[in-house]
Amino acid sequence: MKNDLALKIQACVDNELNASEAREVACLVESDAEARALHDELIAIRDLTVANEPEYKLPESGEFYWSKIKRDINSSSARPVRESSKAPFWSAIWTRMVATCGVAVGIALLISVNRQGIVGPQVHEIESALDEMSTITFHSDSANMTVVWVQNADFN
Amino acid sequence: MCKEIVLLSGSLNWLRGLLLLWVMATGLGGIAQRVEAAEGKADWKFEVQLIWGTNDEKPSGKELKEVEVKITEGLKGIFKWKNYFEVTRKKMDVAGGATQRLKMSDKCDVEVQSLGGSNVEIRLIGEGKCVNKVKQTISAGRLITIAGGDKNDTAWFVILKPL
């Protein structure tokens, strides 16, 4: 038997065909022995399945189960809103501002305090009293020394 | 899971607070340090050395001493001379606002005037004349060196070491 015909017979058993198609399949089943055998077999299987399907019982009735859910929904919507902090709204903003300013001030002070160690002591002013003299100044971090080299000064 | 998250956020708040306290304490400490430095030690003690630098060996007949290794290495790292000898070493106390003068050699005097706080003026006097003035901020441990060339390709160094 062709597969298409078998599917049509199956659809007829499942009441999935319209009236004209159902009449066609009925005629085919009456005229064709193979079609009739398939039709009868499918009906037998359908009846057996429906008659022997196990029944699953809920621990509680359906109405009771859904009423419980409905009650939970209603009770959660009626729950009071959690109390907000007693502190005023601006306290959180103030705390953050203080924290940010504190960090910025601390960093700025650390940098300014440490600059002296990095840059070294400042030579404010050098003055050569004699015209023929000039000076060169440099800092040596490796020797931890500030050097003022005086040109053309000769005494010992 | 929710309890762990709540505990963790609480701990983070504590950590933030501690971090903020540490930063502010450090900052305040820095302020105190700056104020102290600005007002500063009015009185300073110095060790002043007159050192001679040369590429030759130590000359006989002259009372020259070895320079401490740290200063020698420091000078070698900056200058070209291989050998350094101490001619004179003296100590000097300079009170706040006062001036002290030391004779380092027949030709060399060193005068230090406290300008208040950590600032001093160092005057190098050669043969009675003020050769050079240096205004300097002092910090403990940092050497101040005034140097110049001498005859026969040698050099002299006046080193002030704040004590």
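Analyst: Rings of Phe, Tyr and Trp (its six-membered ring) form an aromatic pair if their centres lie within 6.5 Å; planes under 30 degrees apart are stacked, over 60 edge-to-face, and the rest tilted. The model is predicted: local features need pLDDT of at least 70 and side-chain atom pairs 80 or more, while totals for chains, interfaces and linings use all residues. Residues are numbered from 1 along each chain, chains are lettered from A and ligands numbered from 1 in the order written, and side-chain values use heavy atoms, without hydrogens and water.

User: How many aromatic pairs does the structure hold over all chains?
Analyst: The count covers all chains. Over these, the number of aromatic pairs is ten.

User: What is the geometry of the pair Trp149(A) and Phe79(B)?
Analyst: This pair crosses between chains, from strand 3 (residues 145-151) of chain A to the loop between helix 2 (69-78) and strand 3 (83-94) of chain B. Helices (H or I, at least four residues) and strands (E, at least two) are DSSP runs numbered from the N terminus. The ring centres are 5.6 Å apart, and the planes make an angle of 35°, a geometry called tilted.

User: Are Trp149(A) and Phe79(B) buried or exposed?
Analyst: Buried means under 20% relative accessible area, exposed over 50%, and partly exposed in between (1.4 Å probe, protein chains only). Trp149(A) has 14% and Phe79(B) has 12%. Therefore Trp149(A) and Phe79(B) both count as buried.

User: Which residues form one aromatic cluster with Trp149(A) and Phe79(B)?
Analyst: The cluster takes in residues of chain A and chain B. Besides Trp149(A) and Phe79(B), its members are Phe138(A), Trp81(B), Tyr84(B) and Phe157(B).

User: How many residues apart in chain B are Trp52(B) and Phe85(B)?
Analyst: Their ring centres are 6.4 Å apart with planes at 35°, so this pair is tilted. Trp52(B) is buried at 14% relative accessibility, and Phe85(B) is buried at 5%. The pair links distant parts of the chain, from strand 1 (residues 44-54) to strand 3, and the separation in residues is 33.

User: In what order do the elements of chain B run?
Analyst: Chain B has two helices and nine strands. From the N terminus on, the order is α-β-β-α-β-β-β-β-β-β-β.

User: What percentage of the residues of chain B count as buried?
Analyst: Chain B has an accessible surface of about 9,100 Å² (Shrake-Rupley method, 1.4 Å probe). Of its 163 residues, the buried share is 42%.

User: What percentage of the residues in chain A are buried?
Analyst: Chain A has five helices and three strands, and its accessible surface comes to about 12,100 Å². Of its 156 residues, the buried share is 17%.

User: How is helix 2 of chain A oriented to helix 3 of chain A?
Analyst: Their axes, lines fitted to C-alpha atoms over the stretch in contact with angles from 0 to 180 degrees between N-to-C directions, come within 5 Å and cross at roughly 110°. Angles under 35 degrees count as roughly parallel, over 145 as roughly antiparallel, 65 to 115 as roughly perpendicular and the rest as oblique. Therefore the two helices are roughly perpendicular.

User: Which residues of helix 3 of chain A make the contact with helix 2 of chain A?
Analyst: Contact means heavy atoms within 4.5 Å. Helix 2 contributes Leu28(A), Val29(A), Glu30(A) and Ser31(A). From helix 3 come Ala33(A), Ala35(A), Arg36(A) and His39(A).
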